[in-house]
Amino acid sequence: MTAVDAGPRTWGMLIDGQWVDAAAGESIEVITPIDRTQVIATVPRARAADADRAVAAARAAFPAWSGMPFAARQRALLQIADLLEDAVEELAALTALDTGNAIRTQARPEATLLVDVFRYFAGLAGEVKGVTLPTAPDQLQYTRRQPLGVVAAILPWNSPLMIAAFKIPAALVAGNTMVVKAAEDAPLTILRLGEICSQVLPAGVLNVVTGYGAEIGEALVVHPDVDKVSFTGSTAVGAGVGAKAGGRLAHFSLELGGKSPCIVFPDSATDEVVEQVLLASRFARQSQSCTTGSRLFLHADIHDEFLDKLAARTARLKVGDPRDEATDIGAIINDKQWQRVEGYYQEGLAREGVRVVYDGHQTLDVPEHGFFHAPVILAGADNSWRLAQEEIFGPVLVAIPWTTEDEVVAMANASHYGLAAFVFSKDIGAALRTAHRIDSGWVQVNQGGGQQIGQSYGGMKSSGLGRELSLEGMLEGFTQIKQINVRLG
Ligand code: NAD
């Protein structure tokens, strides 16, 4: 039975090359955020017994997969990339339905990125290699880089294919086998990805499980035969995952939340910078991005002028059905998240001193039963407020004025998060000085877009631990070193 044979609404999980139900026979209904009344699929509700099965399959597949010549793993990844490329439109449409991410602005770019990242890491297959140390004529001293073993990858719902792209190809090319846990709110693209990969990979190399975090997620984290947990999600859950994985001395990496500063200098109130700040705001992803530039620090001299331009530009964004090519902003993932965003929005409206710069609710025209939220820009906020300190993960942007570089750097760093940051200035000295002083894992200067394939990516402070996306990240994140010392003669 394949997932497709099982019908469009009833998926199995991929374990050891087979599509299976949960051991306990339970399932979860998946709805689309476009319409809360529409169940689009059921997926298995996996628990500890399913973790055992999936980890055992990955363990059994490990010796053969890790023992292959690297060129064979490279070929496999390239074949998968070709299949994924053929399926880009299908994956984009499924992403729009499953996550609410708008097809043109987000869902299709995610699917395309997935293809490119598979190709990128395929090209790095031969880089999983060691070094020699010339200590003495009768010595051969060298290192070997070995895969870690079984990697459990735990994914969030906001951009499933993009986050999968940040984990799966790197782990596989280094010789690991995997159990991938999809988010309960958006599992469908990950199941389809598993299905495509299974056309190429030997059984058990990539297993995909579905279910709740507290059940199958936790079961993988504490499983004694999981060698690494690669987690992307919220800081609160990630802290627990790190404690549990670390407690049993497993490897782990954490890609967590953010509250990233976006700093505009007085020389940069241009239309071009407004476009880039709009990208940084991630409005077109409903701001459901960990790297959202959600604290907008505007120099006092251009504060009002910049906000006028940003408001006018934001007003041109269309909120609507994510499957529609004309839509810029899709739907929030679920009711809980919608209520959370709405709570911050209402709090902003009620705060004394807040000025509503833009509120798209007046013109919101969206499908009746979906979780749509208009973008909102608030000024007059203080950096100490909840609105400026907590990750809203929704399209509510707060603007804060500044006057000196020291002051804005201090405000930018007054956060327990440290994921991304954006600096805009024509004065490259000032921009780089500021970039170097900000405690974030990723700072962009004069641009607001997304990650470049191969760049270092990861958080400082409470935004995470470890790097996986780059060559160095793949080596550090998915391999370990063995030193061999040989006496010759
Ligand atoms: P979440 O932490 O609620 O869930 C993430 C995943 O962890 C899900 O698959 C969930 O089922 C699982 N999970 C939940 N409890 C678990 C447990 N006890 N043990 C093991 N697994 C468990 O996060 P979310 O709401 O799905 O995603 C939004 C969050 O993810 C935001 O905070 C966002 O900033 C963050 N995020 C970070 C990055 C990054 O690269 N830094 C990227 C995307 C999202």
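In which hand does H9 pass H10? The crossing is right-handed. One caution before I go on: this is a predicted model.

Let's stay with that helix pair. H9 covers residues 271–281, and H10 covers residues 303–314. Their axes sit 10 Å apart, at an angle of about 60°. That makes H9 oblique to H10. Who touches whom? On the H9 side, we have Asp271, Val273, Val274, Glu275, Val277 and Leu278. They meet Phe306, Lys309, Leu310, Arg313 and Thr314 of H10.

Next pair. H4 spans residues 103–123, and H5 spans residues 160–173. Here the axes come within 9 Å and cross at roughly 15°. Why call H4 roughly parallel to H5? Because the angle is under 35 degrees, H4 counts as roughly parallel to H5.

Now the contact itself. H4 brings Glu110, Ala111, Leu113, Leu114, Val117, Phe118, Phe121 and Ala122. H5 answers with Pro160, Leu161, Met162, Ala165, Phe166, Ile168, Pro169, Ala170 and Val173. The class count is 16 nonpolar, no polar and one charged.

Keep two of those names in mind: Phe121 on H4 and Phe166 on H5. Both come back when we turn to the rings.

How many aromatic pairs does a search of the whole structure find? Six. I will show two.

Start with Tyr120 and Phe121. Their centres are 5.0 Å apart, with 75° between the planes, and the pair is edge-to-face. Buried or exposed? Phe121 has 0% relative accessibility, so that residue counts as buried. Tyr120 has a relative accessible area of 24%, so Tyr120 is partly exposed. The cut-off for buried is under 20%.

Where do the partners sit in the chain? Trp442 is in strand S19, residues 442–445. Tyr457 is in the loop between S19 and strand S20, which is 460–461. The two residues are 15 apart, and the pair links distant parts of the chain. Both are buried: Trp442 at 8% relative accessibility, and Tyr457 with a relative accessible area of 3%.

Last slide. Which residues form one aromatic cluster with Trp442? Phe166 and Tyr457. And Phe166 is one of the H5 residues in the contact with H4.

Technical notes
Residues numbered from 1 in each chain as written. Predicted model: local features only at pLDDT ≥ 70, side-chain atom pairs only at ≥ 80, totals over all residues. Heavy atoms only, no water. Axes fitted to C-alpha atoms, helices over the stretch in contact; angles between N-to-C directions. Helix = DSSP H or I, 4+ residues; strand = E, 2+ residues; numbered from the N terminus. Parallel < 35°, antiparallel > 145°, perpendicular 65-115°, else oblique. Left-handed = near helix turned anticlockwise from the far one by under 90°. Contact = heavy atoms within 4.5 Å. Nonpolar A, V, L, I, M, F, W, Y, C, P; charged D, E, K, R; others polar. Phe/Tyr/Trp six-rings, centres within 6.5 Å; stacked < 30°, edge-to-face > 60°. Buried < 20%, exposed > 50% of the residue type's maximum accessible area, 1.4 Å probe, protein only.
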